[in-house]
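This report describes selected contacts in one protein structure. Please keep the sequence and the model at hand while reading.

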Amino acid sequence: DKTFFFFAYEGIRQRQQVNLNSVVLSNQQRASVTDPVVGRLIEFVPRANFVDSSGISRFVGTTPANVELDQWSIDISHNLSPTDRLHGYYMIQRDDRNEPTLLGNTVPGFGDIRKNFKQVFTLNLTNVFNNQTVNEARFGFNRFSFVGSARAQLNPVSFQISDGINEPIGLPQINVAGGFNFGGPRQVPQGRGDTGFVVSDTLSHLSGMHSIKVGGEFRRFYANFFMTDVGAFNFASIAAFIQNNANSFAITLPNSSASII
């Protein structure tokens, strides 16, 4: 009659597919490519498996968008004495998922992979001194961390792309107006970590018709963030892409990071 506990586990497994229907290069357009950079990049663009009523070559298919989530929690209450009670709670969650069409990707094999990790812990001590006076002390902790990375971790230099990146973190996002979008995604790898602590104490006292409550609370918060951008090329048309003639490029350099204490 002193200790009470509850344990729970929850799990999610989603094996799902996202539908894709994208304009792609026709076999004739593929054969017309002479630029060596574009010649390597088109290997990431699937071949057409459908021609619509307008005679436009398209790729129709699916790409995985799986989700895996696990969560454990435990709640324990223990009576130290007839007047003293200790209560604790802890929860931990892991969440992994793939976002295949992030930032408009229209072909398989790209998007990002996201890993989330969460923790929550609370501890509460209640002391009943008498019928009029109760003290409650609390401690709390929570933690959130996130890391996102490109599903296709490729080095742009290997494809003769000079965008300021020379490590296998992803190709630039390549957007072809009226056509397809692949590469990237931009602004990954990216991550953050937030940690918070709180300590408080409250003393409650009943005096006749009056209730008096005094106490204090201390909080501390830490945060960290990092991000690398692989950049983005924009092409005005499929013909411009075949000729390797981009009309704009944007990137954030150097790597970004920040901390808050």
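This is a predicted model: local features need pLDDT of at least 70, side-chain atom pairs count only at pLDDT 80 or more; totals for chains, interfaces and linings use all residues.

The side chain of D95 meets that of R97 in a salt bridge, with 2.9 Å from N to O. R97 is partly exposed, at a relative accessible area of 26%.

D96 forms a salt bridge with K115, and their closest N and O atoms are 3.6 Å apart. Because D96 belongs to strand β6 (residues 84-99) and K115 to strand β7 (residues 112-128), this pair ties together parts that are 19 residues apart in sequence. D96 is buried at 17% relative accessibility, whereas K115 is partly exposed at 46%. Both residues also take part in a network of salt bridges that links R13, D70, R94, D96 and K115. In total, the structure holds 12 salt bridges.

## A salt bridge between two loops

Another salt bridge joins R186 and D229, whose closest N and O atoms are 2.4 Å apart. R186 lies in the loop between β10 (181-182) and β11, and D229 in the loop between β12 and β13, so the pair ties together parts that are 43 residues apart in sequence. D229 is buried, with a relative accessible area of 1%, while R186 is partly exposed at 23%.

## The hairpin of β11 and β12

Strands β11 (residues 190-207) and β12 (residues 210-227) pair in the antiparallel sense, over 18 bridges. Within this pairing, G196 has F221 in β12 as its bridge partner. The hairpin has 2 residues between the strands, and G208 takes a positive phi near 65 degrees.

## Aromatic contacts

A pair of aromatic rings is described by the distance of the centres and the angle of the planes. The whole structure contains 13 aromatic pairs. One of them is the tilted pair of Y9 and W72, with 5.5 Å centre to centre and 45 degrees between the planes. Since Y9 lies in strand β1 (residues 3-14) and W72 in strand β5 (residues 67-81), the pair ties together parts that are 63 residues apart in sequence. Y9 is partly exposed at 41% relative accessibility, and W72 is partly exposed at 35%.

F233 and F249 also form a tilted pair, at 4.4 Å centre to centre and 35 degrees between the planes. Elsewhere, one aromatic cluster is formed by F44, F110, F159, F180, F182, F235 and F241. The charged end of R40 sits over the ring of F159, 4.4 Å from its centre.

Notes. Residues are numbered from 1 along each chain as its sequence is written. Side-chain values use heavy atoms; hydrogens and water are left out. Two strands pair if DSSP finds at least two bridges between them. Helices (H or I, at least four residues) and strands (E, at least two) are DSSP runs, numbered from the N terminus. Rings of Phe, Tyr and Trp (its six-membered ring) pair if their centres lie within 6.5 Å; planes under 30 degrees apart count as stacked, over 60 as edge-to-face and the rest as tilted. Buried means under 20% relative accessible area, exposed over 50%, partly exposed in between (1.4 Å probe, protein chains only). A charge sits over a ring if NZ of Lys or CZ of Arg is within 6 Å of the ring centre and within 35 degrees of the ring normal. A salt bridge is a side-chain nitrogen of Lys or Arg within 4 Å of a carboxyl oxygen of Asp or Glu.
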